[in-house]
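I opened this entry to record what I looked up in one model. The notes follow the order in which I checked things.

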Amino acid sequence: MKQKWSNKVAFVSFVLAALCTSSALAADARWKHVVGVITATDNPATQTAENFNSVGNVNAATFAWSTRDGHARVNLDTGAVDFEVRGLVIIGTVFSGTAGPVQTVTGTLVCNPGTQTEAELDTPDVPIDSNGNARFSGMIPGIPASCTSPVFLVRIATIANPQNPNGARGFWIATGTERTINP
């Protein structure tokens, strides 16, 4: 009887250990909503260019942006990612209420923001329609083993400017909020 009990305990322990190392239980970072950036403009009284809302090494765009909603999820172990943003539009200027000249965006995972080991990892470029809707499901390769305080950003990829379509590339215009990380 004691031998059968020991075998059952050993089997359950083996199954639990296997499950704990399986990718099915990999760390998922989730952001319940996506919101637009509100950026203060440079102070014209100073000579220094100012950016009042950077995330680590990533600068915010110069226009204020708003969203209707969105969400993001990144598996920090496998790199699987999906995000959706709805109604990501500029507030004010001649583009108010639209995505303006922005034609594509990229989802960006920022690991270890503000540290020497900061890493910004991008999805491929994703089309955004004139109403500010974009969706992506795929992979972000190369997530570091240590990705503390992860931040999810939506950044400008290309704009409708034949002379310089990448002129605003890299500026963030929206971010994930209400982050949870499930091991």
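Which residues form a disulfide, and how far apart are their sulfur atoms? I found Cys111 and Cys147, with the sulfur atoms 2.0 Å apart. I note that the model is predicted, so that distance is a computed value.

**Disulfide**

I searched the whole structure and got one disulfide. The angle about the S-S bond is -85°, and the link of Cys111 and Cys147 is left-handed. I then placed the two ends: Cys111 is in strand 6, whereas Cys147 is in the loop between strand 9 and strand 10, so the bond ties together parts 36 residues apart in sequence. Are the two cysteines buried or exposed? Cys111 has 0% relative accessibility and counts as buried. Cys147 counts as buried as well, because its 12% falls under the 20% cut-off.

**Nonpolar core**

I looked next at the largest nonpolar core, which has 43 residues. Leu109 and Val154 have the most contacts inside this core. Strands that each supply at least two of its residues include strand 1 (28-36), strand 6 (102-111), strand 10 (151-159) and strand 11 (172-182). Which strand gives the most? I got strand 10, with six residues.

I listed what Leu109 touches, leaving out residues up to four places away in sequence. Among them are Trp31, Val74, Leu76, Leu121, Ile140, Ile143 and Val151. Cys147, one end of the disulfide, is also touched by Leu109.

**Aromatic pairs**

A search of the whole structure gave me four aromatic pairs. I wrote down two of them. Phe63 and Phe95 form a tilted pair, 6.4 Å centre to centre with 50° between the planes. Phe63 lies in the loop between strand 1 and strand 2 (64-66), and Phe95 in the loop between strand 5 (89-91) and strand 6, 32 residues apart. Phe63, at 30% relative accessibility, counts as partly exposed, and so does Phe95 at 29%.

For Phe83 and Phe152 I have ring centres 5.4 Å apart and planes at 55°, so this pair is tilted. Phe83 is buried at 1% relative accessibility, and Phe152 is buried with a relative accessible area of 1%.

Which residues form the aromatic cluster? I noted Trp31, Phe83, Phe136 and Phe152 as one cluster. Of these, Trp31 is also touched by Leu109.

How values were computed
Residues are numbered from 1 along each chain as its sequence is written. This is a predicted model: local features need pLDDT of at least 70, side-chain atom pairs count only at pLDDT 80 or more; totals for chains, interfaces and linings use all residues. Side-chain values use heavy atoms; hydrogens and water are left out. A nonpolar core is a set of buried Ala, Val, Leu, Ile, Met, Phe, Trp, Tyr and Cys residues joined through side-chain atoms within 4.5 Å. Buried means under 20% relative accessible area, exposed over 50%, partly exposed in between (1.4 Å probe, protein chains only). Helices (H or I, at least four residues) and strands (E, at least two) are DSSP runs, numbered from the N terminus. Contact means heavy atoms within 4.5 Å. A disulfide is a pair of cysteine sulfur atoms within 2.5 Å. Rings of Phe, Tyr and Trp (its six-membered ring) pair if their centres lie within 6.5 Å; planes under 30 degrees apart count as stacked, over 60 as edge-to-face and the rest as tilted.
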